[in-house]
Structures are given as structure tokens and as C-alpha cells.
Amino acid sequence: MASHRKPKQRSLTSSTARAAALLALTGAASATLLDGTGHAENRLTPAQVKAKVDEYQRQAEEATERYNGAKDKADQAREALDALRDQAARRTTRLNTARNALGAFATAQYRSGTIAPALQLALSSSPGQYLQRASLAERAGSRQAALIASVGRQERKLRQVRGEAADRLAALRASQTAAAHHKRTVQQRLAAADRLLDRLTLAQRQRLLAARDGDEAHADGTGSPITGRAARAVSYAYAALGKPYVWGATGPHGYDCSGLTQAAWHAAGVALPRTTYTQINAGRRVTRDQLAPGDLVFFYSGVSHVGLYIGDGRIIHAPRPGAPVRVASVADMPFAGAARPA
């Protein structure tokens, strides 16, 4: 029996050792892979970090514009839904009033009973009096018929209003879902950019930010005379210089890019839509060589960024998270188009 136990013990020991070795190798491989990924990311040069951060922030801005559009649709749907609900409540009150009147009319008829016209004429001591009563009864019947028709019309209209309200509610929920999705995307992209920046030393971050700021012009003055509404829009944009970029914001304490241009032209008495991809269609298109102060200038292939032209090849814009409203050159970003608000 002892000769049988010894091989069994050796077998268990060998199996355990193999398993332990396999786990150790697996753990080492995983650690190597993770370390390799981390080292690869840490080996990015400041220039590569800048490129990646810029890309993440552009993606965040694209998602911001989609968020703005979804939120705008949600706001419109909510307003329409509230109006339809108010209308349905008023129509329900009128319908109940009409139904109550019809019920009272029917109750009165029931209580008074009905007598065949021929018998009423036979029993009447005055044929003239009977004819007068018959005329009154006919008119009452006409009023009853009109009341019934009115109740029917009101019921149909109420059903229609309630159907429209249900459609608006569905649109509201869809827009809210889309807005929440785009908001998460914005937060994820900005968080990814922050993680990359955190890998740099303080000195590297300062140099990177200085280089980004150096790419943008900071000259003051408009260079060319501006009048009318465009002057008021440009004046508003100048007053916003230095205020922070806040995604989804339209001022007065912070702005995203389209929020700034919308607010500037609102101060001039012109209502612009909320997003870059709707603002580009809100006025007359102009070419780059036709730019005049007050024009909206759009950038990138997805028309995801906008600034307000102030003359001399420069714009005022809300650049990105962490960068306040500032003056920049039109040449700093890929030109996508321009529009002149009416």
C-alpha cells in the first residue's frame, strides 16, 4: 500500500507545480502586456500628446454640438407637449360641459314624457296653441341635434390632440436619450484628454499649453469699421473675451463655440439656431475672401467649430475646454465655410 501512496503524492506534487508555473507565466505575461501598454503611452512625445489631446477635444466638441442639437429638440418637444396638454385640458373641460348640457336636456325630456303629435292635437282645445308648442319642440330638437354634433366634434378633436401629445412625448424621450448619449461621449473624450495630459510633467504641460496658445493670435482692435447689427455682435464677442469655455453653455458666464456666436447675434437682435451645423445655414453663404466683421466662420470637415469674424483675418471664438474665449487667426484651423446672418 505504501508503494501505491508514494507515486500518488508525487503525481499531485507534479500537477500542482505545473499549475503554479502556468499561473505564474500567465500573470507575468499579463503584467508584461499591461506594462508594455503603459510604457507605450508614456513614451509619447509631448508633440504626440498634443496631437492626441487636440483630437480628443475635437471629438468632444463634435459631440457637444450633437448634444446641443438633441437638447434643443428636447426643449422644443417639451414646450409643444406642454401646450398640447394645456389644450387637451381645456378641450376636456368644454367637452364635459357639453356632455352635461346634453345629459340635462335628455333628463328633462324623459321627465316630461312624450305624447304623439296626433293625440296632442286631438286633446288640445286650441289648434293654434298646439302648433306653437310643436314649433318650440322642433326648435328644441334642432338644438339637441346641434349639441350632439358638437360633442362628437369635440371628442374627435380631443383624441387628435392627445395623439399629437403622445407623439411629442415620444420625440421628447428620444431627444433626451440622444442628449444623454452625447453628454457621455463628451465626458469620455475630455477625460481621455485629461489622462494624457496627466502623463506629462508640469514643465511639459506648460510648454504644450504655451505652444497651443502661441498658435493663436491675440491682437486687439478690429482693423476695419463696423456698423449696424454686426457691430453689436462683434462688441458682444469682445466683451466675452477671457470667459471660460463651458460645453453646452450660451453665457453669460461661459460659452461653447456655437453658444458664443448665438449669444453675440442675439445681442444684435438676430436669432440664430443653436448648433454649428444649423448656424451655417442661418444666413447667406460667403467665401473666405468675402469675409466681413460679424460673419460666422466654420471649421473642420464636420462643421464642428465656429467663430465670429472681426476683420483682418481673425475671429473671436470659444476654443476648447481649458481655453477661454479669445482672438485667433482664421488660418489656425481648417476652413469649412462662412455665413452672414441676416
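## Strand pairing and helix packing

Arg284 has Arg340 in β6 as its bridge partner. The model is a predicted one, in which local features need pLDDT of at least 70, side-chain atom pairs count only at pLDDT 80 or more, and totals for chains, interfaces and linings use all residues. Residues are numbered from 1 along each chain as its sequence is written, and side-chain values use heavy atoms, with hydrogens and water left out.

Helices (H or I, at least four residues) and strands (E, at least two) are DSSP runs, numbered from the N terminus. Two strands pair if DSSP finds at least two bridges between them.

| Strand | Partner | Sense | Bridges |
|---|---|---|---|
| β1 (residues 283-286) | β6 (residues 335-341) | antiparallel | 4 bridges |
| β2 (residues 296-299) | β6 | antiparallel | 4 bridges |

In β6, Val297 has Ala338 as its bridge partner, and Leu296 stands opposite Ala339. An open sheet of 6 strands has the order β1-β6-β2-β3-β4-β5, with antiparallel pairing. Because β1 and β5 (326-329) stand at the edges, each with a single partner strand, one side of each is left without a neighbour in the sheet.

Helix α6 (residues 228-239) and helix α7 (residues 257-267) have axes that come within 7 Å and cross at roughly 130 degrees. Axes are lines fitted to C-alpha atoms, for helices over the stretch in contact, and angles run from 0 to 180 degrees between N-to-C directions. α6 and α7 are therefore oblique to each other; angles under 35 degrees count as roughly parallel, over 145 as roughly antiparallel, 65 to 115 as roughly perpendicular and the rest as oblique.
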